[in-house]
Amino acid sequence: MSESAKKPHSKARVPRLYKCAGKAVKEVRLHGANFKGLLYDLKHTNTKGLFALVNETLRHESELDALIRETGILVKEPRLDPWVTRVLMIELLWRNRPLAGPAIPLQIVRSYKSEFLSKQAGISTEVKKPVSITKGPRFVRINTIKISKEEIIDFFAQAGWHKLKNEDTGEGDRKYRHFLRTISSLSDDEFIEDAHIPNLLVFPRSLEFHNLDYYWDGSLLLQDKASCMPALLLNAPPGSTVLDMCAAPGMKTTHIAAILNNVGTIYAIEKNAERFNSLTKIVSQAEASCVKPLLGDSFKYSDKEIPGVEYILVDPSCSGSGMRLRTEIFNETAEKSKQRLETLASFQCDLLQHAMTNFPKVKRIVYSTCSIHPEENEAVVEKVLKHTLNFRPIIPDRGVEWMSRGSSEYDHGDFGFYSKPEIDMTSGFFLAVFERTEHDYVPGKMLQEICSTEAPVRSKRRKKAMPHISDTNLRNLEKYGNDIVDSENNLKLLSDTNDENLELQVDLIPKKKSKKKKSRKDESEPVLEDARETSSKRRKSKFSEEKGEDCTTDVPVKEKKKKLVEDAGMVDIESDYVSASKTDVDSSPRKEKKKKKKSLQL
């Protein structure tokens, strides 16, 4: 079937359009790259054709994978680039292009056409077809740093577009429903200003912005309505110091810069090097000179590195379950990966709490995700608020009237706001706004301790650990019983009637040798002497009875000590550490006989 083996090596190259499209598909699929940023980086002259080709390839990804698996083309033809092959298959099968040209990859893919067609009929019924991404309007934000709203509206008017007016049809839900009906029925030459977000225009999906110079120079930015909400609700006045903790690709960052009139400072942090490059390009293209991009980890920044931060946007990595384009292109289902959500939620909690506890001058924080899962939204807010005294959630006085409230299953669910694709014709999005409380600022290190003091959490009591008992103590206890315990302050014998275990307080026999010798005038010394002397007398009495000697005869102190060490491995009276008996140290049989003989003579 393959012609690669029959044809000699050709120096003819694959057209650059197909190579660029293959590279774009690879970056989007494997690394989640920004679609628009890729098109800008590739700088292909046929931008419209490139966009259409990449879009079509991504939409039919599941069918392409099935065809590749059924025909085994990549196994039989190992020299083929898998991503360029997908693009060529789209050209051949879906766009009915002949793939004319002498390049070897084009010839190989052409040779598989009949096999592709025979397999495609059966595959199409099994593979879920992608949902069209042409639903809903197209939202376009005017970059007021470079151009005014009036100039843009005048430009479209001169190009033959008709601007609709927002009619006064009442307040609240009635007005919003009328606005939704209007934007859902826009004709190909109509547009309208958004009813809630300034400098945001709504066009029909059919408009091709890739042919407009204003799009490529950064004057017009394709940004979903829901994605514009974080900057609006942050509400930072010109001259403020703002921190964007997860800034790439830079749409929200440049929107904040436009709201600031490019006056102030925005610290834009991004950890990933590739995404950081995209961030710097978009910031440069938008001419947002107040933005200072920082390549690094947000957890390593605090008020010491970035002083005077007043407003913070926390828009962390999330599952992206609310993104229409992502859901439609990648054919994602509603099933959630519990483990992945737990990992994401843990990171989101940590980042939001870091923002609340490491910047003492912050007045307002906005938390946002492009997710519709409560685990990443209400649950994160609930968990963080249980461990902070610095901030409280608020209901903004403007901008959120069109959004849905969070789940009532959570204590602070009413303080969360959702945009829903099926209702609002936007991407799925979640927002929560926090403002500083009157409570004094609490640093992160002290926060957990204060929270546990003001709102104690009941915990299980741990059983007291048993003290360490040495083997020597156990042997002494078994040999001499309770008689060895003559002092309550130094050696206590406790019996547990349930477990029948014995617990010793080992103050009498320290484990380690003290650096400082104890004084003979120590208050505990007489008690120790009494305890040891009593035990010694009992052993002496027992020894004398066996030999028939008088028990009342006193034995010198040195002899007592020697006898104790030899017989039972007892504690050296003149030292503070446990000493092993000489019989344990020197196990020579001849020396043992000598010691026994000597002890008998005594």
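**Close-ups of a predicted model**

**View 1. An asparagine out in the open.** At 54% relative accessibility, N261 counts as exposed. This asparagine belongs to the loop that runs between α13 and β7. Its backbone is worth a look too: phi of N261 is near 60°, a positive value in a residue that isn't glycine. For context, most residues other than glycine have a negative phi, and most peptide bonds are trans. Keep in mind throughout that this is a predicted model.

**View 2. Another positive phi, at N96.** Here we're in the loop between α6 (82-94) and α7 (104-111), where N96 is found. Phi of N96 is near 55°, again a positive value in a non-glycine residue. N96 is exposed as well, with a relative accessible area of 64%.

View 3. A248 and P249 are joined by a cis peptide bond, with omega at about 5°. P249 lies in the loop that links β6 (241-244) to α13.

**View 4. Inside the largest nonpolar core.** This core has 47 residues, and the members that touch the most others are I183, M229, V242, I256, I266 and V291. The top contributor is α12, which gives 7 residues. Zoom in on I183 and, leaving aside neighbours within four places in sequence, you'll find it in contact with P137, I192, V202 and M425. There is also a second, separate core, made of 33 residues, with A21, V25, V28 and I108 among them.

**View 5. A five-stranded open sheet.** The 5 strands run in the order β2-β3-β4-β1-β5, with mixed pairing. At the edges sit β2 (162-164) and β5 (220-222), each pairing on one side only. From one strand to the next, the twist averages 35°.

View 6. Strand β1 (residues 138-142) pairs with β4 in the antiparallel sense, over 4 bridges. Look for R141, which stands opposite L200 in β4. Helix α10 packs on the sheet and touches β2, β3 (190-193) and β4, its direction making about 150° with that of β3. Helix α13 packs on the sheet too, touching β1 and β5; its direction makes about 45° with that of β1.

**View 7. The annotated cysteine, C370.** UniProt lists C370 under "active site", in an unreviewed entry. You'll find C370 in the loop between β10 (364-369) and α17 (378-385). Its relative accessible area is 18%, so C370 counts as buried. Not counting residues up to four places away in sequence, C370 touches C318, G320, S321, G322, M323, G428 and F429.

View 8. The chain averages a pLDDT of 76, and 64% of the residues score at least 70. Over residues 1-9 the pLDDT stays under 50, and the model has 13 contacts beyond four places in sequence for this stretch. Residues 568-587 also have a pLDDT below 50; the model gives them 43 contacts beyond near neighbours in sequence.

Definitions and conventions: Residues are numbered from 1 along each chain as its sequence is written. This is a predicted model: local features need pLDDT of at least 70, side-chain atom pairs count only at pLDDT 80 or more; totals for chains, interfaces and linings use all residues. Side-chain values use heavy atoms; hydrogens and water are left out. A nonpolar core is a set of buried Ala, Val, Leu, Ile, Met, Phe, Trp, Tyr and Cys residues joined through side-chain atoms within 4.5 Å. Buried means under 20% relative accessible area, exposed over 50%, partly exposed in between (1.4 Å probe, protein chains only). Helices (H or I, at least four residues) and strands (E, at least two) are DSSP runs, numbered from the N terminus. Contact means heavy atoms within 4.5 Å. Two strands pair if DSSP finds at least two bridges between them. Axes are lines fitted to C-alpha atoms, for helices over the stretch in contact, and angles run from 0 to 180 degrees between N-to-C directions. UniProt positions are given in the numbering used here, feature names are shortened, and annotations may be inferred rather than shown by experiment. pLDDT is the predictor's confidence in each residue, from 0 to 100.
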